Structure formats: C-alpha cells, structure tokens
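Please look over the sequence and the model before turning to the points below.

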Amino acid sequence: MRMHNDLLNYNELFILIIIFVGYTLLFLLPKRFSRAQTLLAVIIGIYFDLFFDNVLCVQPFNFYTINDTPHFDQWDYLSQLMFGPFAYFFFYGCSMLRQTRWNYFTYTAVWSLFAIFSEAVSWHAGVYHYLNNYQMFYSLPIYLFVLTLSLIIYLFLYRDPPLKIGQLEKNKSKQSETS
Amino acid sequence: MILAANICLLWAEIGWFLCIRKSLSSKQMLFVFMSSSIVLMLLFNATGLLMNSDHKPYSVPEFLALLINRNGILPLLTVLYLLAVQNRKIWRRRFTNVLFLFIFDAYLFIEKHFVQMDTLSWPIWLTGSILYLFFIRFLSYVFAQMSDCNGEV
C-alpha cells in the first residue's frame, strides 16, 4: 500500500517516524553509558549502514535502491540516521546480558533476525527497492558480520563495567554536591 | 594494478600506525576513523551527484580500490594526522599541519580518477582539504571533551 502525497510519501513518513521514535527512546532510556560512548554507538550504527549502502547500492553491484531515486538524495541521507539508535540499543542490550559465550551468540542471532524483519518492514514501506535478483535473506550474512563486529567493539571498548541504571545521575549529583 | 597499489599503500599506513606512539584512546581513534569515513562517503556521494559525472562504471577491481581508498587509506591518514599533531611543540604542529595537507592534496591529485572531480582546480582541493581536516579536528575535540579520555586535540 503506497500513500502518494506531494509533500511526503509513505517511505519518507516511515523514515521520519523511525528516527523520531528511535532517538526519543535513546534519550528516554535510563543511562548506562557515558555521553561519549553513546555518541560512538550512534556513529557506529550510521557508519555500518552508510558503508554497506555505498557498497551494495552503487555500480558495479547495484543490488538495491533507497527511496524514490536511483541516486543519493536527502531522504537517503536521512534514512542513514535511522540506524544510529539501533546500534545503541544493541550495546545497551549487551550490557544487560549475563556475560557468557552462549548468551552473546544467541543475542547476535536474535538481533540478526530482528534486522531482517525490520528490513522487510522497510521494504514494505518503500524504503528499499531490490534490483538484479537480490533477495532479502542475502542481507542475513551482512547483518551477522556487522553485529559480530559490533559485539567485538563492545567487548573491547564498552565492557569496562557498564553503569548500573541510574548510576550516571547519582554520580553527577555526587559531583555537584562535592563542588 | 590500481588495486595492488592501494593495498600496498594501506599496508604501509597500517605499519606506520602500528609503529607510532598513540596519544589518543582507542575510543577516540575509532570515533575519528568512523566519523572521517562518514564525512568522506557523504562528500564522495555529494560531489559525484553535484558534478553529475559521466565516468564509465567502475570495474570490480577499481571499485575495491575505491573502497580501500575511501574507507581505509584516507580515514587512517586522518587518524595518523591527529596522532601526529598531539602533544608537540608549536612549530612541529605547524609543520605537521602543512605536511599532512601536502600529503592529502598530493594523494587526492594522484587518485582524482576515483574522486570524480577532474574538473575542479587545485585551490578548491586545497580549501576542501583544510576544511575537512579542521572539521575532523573539531569533531574529535568535541568527543574528547565529552569523554574522560586524556589527550587534547
């Protein structure tokens, strides 16, 4: 079902809604990371999406197009912003897991399935248009790779004990009391 | 040939990176690498669109070379630049700035086939490189302020 409108198409509305919901959730969730870690997580999400879009979306591969035009336009750039909060949520979930290898494996697998599901939703919304016989499940190895890489980044850069929920606010209030 | 040359360049750069003393934290280096990569990808897209270039489609080796170039060599060079301007005397900082500007411009001049901006003249290149380096320095400065990482940028 497509909603054609002069101002906003269905896919553009979808992008705006996801960006709004994602970043609102990011700000509303109890803080477990510092501001720098949060910013890095968002950058990681945007980076991976932009990277794979710039590889798979252009010649010589040209497996899909994003939104309404074959070249990059402002809505394509906006759609990259959608992925920032999801990387944050991935790290957020990682920090809440009991740290066992089995848990990490299952967590990555579940997130990969979730990524495929959300890609299907985006495809229905008209964000992605597949070309050259590209199938949706071809993205699964890419998601597995990206999520495993994100997990490695988390294990190396984020694991030093994540703050308990509400700890950041407590630390700030303590600092203000002492000053 | 072009792919081999780019792989060799990347290898040399990684070697350089491994050898030098790192005055930035891993988080800062990752942030600089990723943000400069993002900026470069956006710039490459935007300029490709603005110039409406009529380049022939890339072959797979050419495309891989472009990828190594855009997402490996140039962002790593930016990280090396930020590492080089850390904690040095003022004249050394200035020298490093000029040196890296020269390296960036020379590199872009050699690789202009991949950047799709053959029609642009060198003053635009130079201005673009200066703006790019300042922007990345600003970003990393903001990031350093946000984190508890030591090391000024």
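**Briefing on the predicted model**

The structure is a predicted model, in which local features need pLDDT of at least 70 and side-chain atom pairs count only at pLDDT 80 or more, whereas totals for chains, interfaces and linings use all residues. Residues are numbered from 1 along each chain as its sequence is written, chains are lettered from A and ligands numbered from 1 in the order in which they are written, and side-chain values use heavy atoms, with hydrogens and water left out.

**Overall make-up**

- Chain A has seven helices and two strands, and their order along the sequence is α-α-β-α-α-α-β-α-α.
- Chain B has six helices and zero strands, which gives the pattern α-α-α-α-α-α along the sequence.
- Helices (H or I, at least four residues) and strands (E, at least two) are DSSP runs, numbered from the N terminus.
- Of the 179 residues in chain A, 46% are buried; of the 153 residues in chain B, 48% are buried.
- Buried stands for under 20% relative accessible area, exposed for over 50%, and partly exposed for what lies in between (1.4 Å probe, protein chains only).

**Annotated spans of chain A**

- An unreviewed UniProt entry annotates residues 12-29, 41-65, 77-97, 104-125 and 137-157 of chain A as "transmembrane region".
- UniProt positions are given in the numbering used here, feature names are shortened, and annotations may be inferred rather than shown by experiment.
- Residues 41-65 of chain A are 64% helix and 8% strand, and the end C-alpha atoms of this span are 26 Å apart.
- Residues 77-97 of chain A are 90% helix and 0% strand, with 33 Å between the end C-alpha atoms.

**Aromatic rings and charges**

- Over all chains, the structure holds 27 aromatic pairs.
- The ring centres of A:Tyr64 and A:Tyr128 are 5.6 Å apart and the planes stand at 85°, so this pair is edge-to-face.
- A:Tyr64 belongs to strand β1 (residues 64-66) and A:Tyr128 to strand β2 (residues 128-130) of chain A, so the pair ties together parts that are 64 residues apart in sequence.
- A:Tyr64 and A:Tyr128 are both buried.
- Rings of Phe, Tyr and Trp (its six-membered ring) pair if their centres lie within 6.5 Å; planes under 30 degrees apart count as stacked, over 60 as edge-to-face and the rest as tilted.
- A cluster linked by ring pairs includes A:Phe33, A:Phe86, A:Tyr92, A:Trp111 and A:Tyr154.
- A:Arg32 lies over the face of A:Tyr92, 6.0 Å from the ring centre.
- In chain B, the charged end of B:Lys22 is placed over the ring of B:Phe17, at 4.8 Å from its centre.
- A charge sits over a ring if NZ of Lys or CZ of Arg is within 6 Å of the ring centre and within 35 degrees of the ring normal.

**Helix α1 of chain A and its surface**

- A:Ile17 is located in helix α1 (residues 10-28) of chain A, and its relative accessible area of 48% makes this residue partly exposed.
- A:Ile17, A:Phe20, A:Val21 and A:Leu25 make up a nonpolar surface patch, with about 390 Å² of accessible area together.
- Patches are made of residues with over 30% relative accessible area and no salt bridge: like charges are joined within 9 Å, nonpolar side chains (Val, Leu, Ile, Met, Phe, Trp, Tyr) within 5 Å.
- A salt bridge is a side-chain nitrogen of Lys or Arg within 4 Å of a carboxyl oxygen of Asp or Glu.
- Accessible areas come from the Shrake-Rupley method with a 1.4 Å probe; for residues, only the protein chains shown count as cover.
- A:Leu13 is also in helix α1 of chain A and is partly exposed at 29% relative accessibility.

**Contacts across the sequence**

- A:Leu13 and A:Ala125 are 112 residues apart in sequence, while their C-alpha atoms are 9.0 Å apart in space.
- A:Ala41, in helix α2 (residues 35-56) of chain A, is buried with a relative accessible area of 0%.
- The C-alpha atoms of A:Ala41 and A:Tyr158 are separated by 9.7 Å, and the two residues are 117 residues apart along the chain.
- B:Met1 lies in the segment before α1 (2-19) of chain B and is exposed, with a relative accessible area of 83%.

**Backbone in a loop of chain A**

- A:Asn132 has a positive phi, near 50°, and lies in the loop between β2 and α6 (139-158) of chain A.
- A:Asn133, in the loop between β2 and α6 of chain A, has a positive phi near 60°.
- Most residues other than glycine have a negative phi.
- A:Asn132 is exposed at 51% relative accessibility, and A:Asn133 is exposed at 70%.
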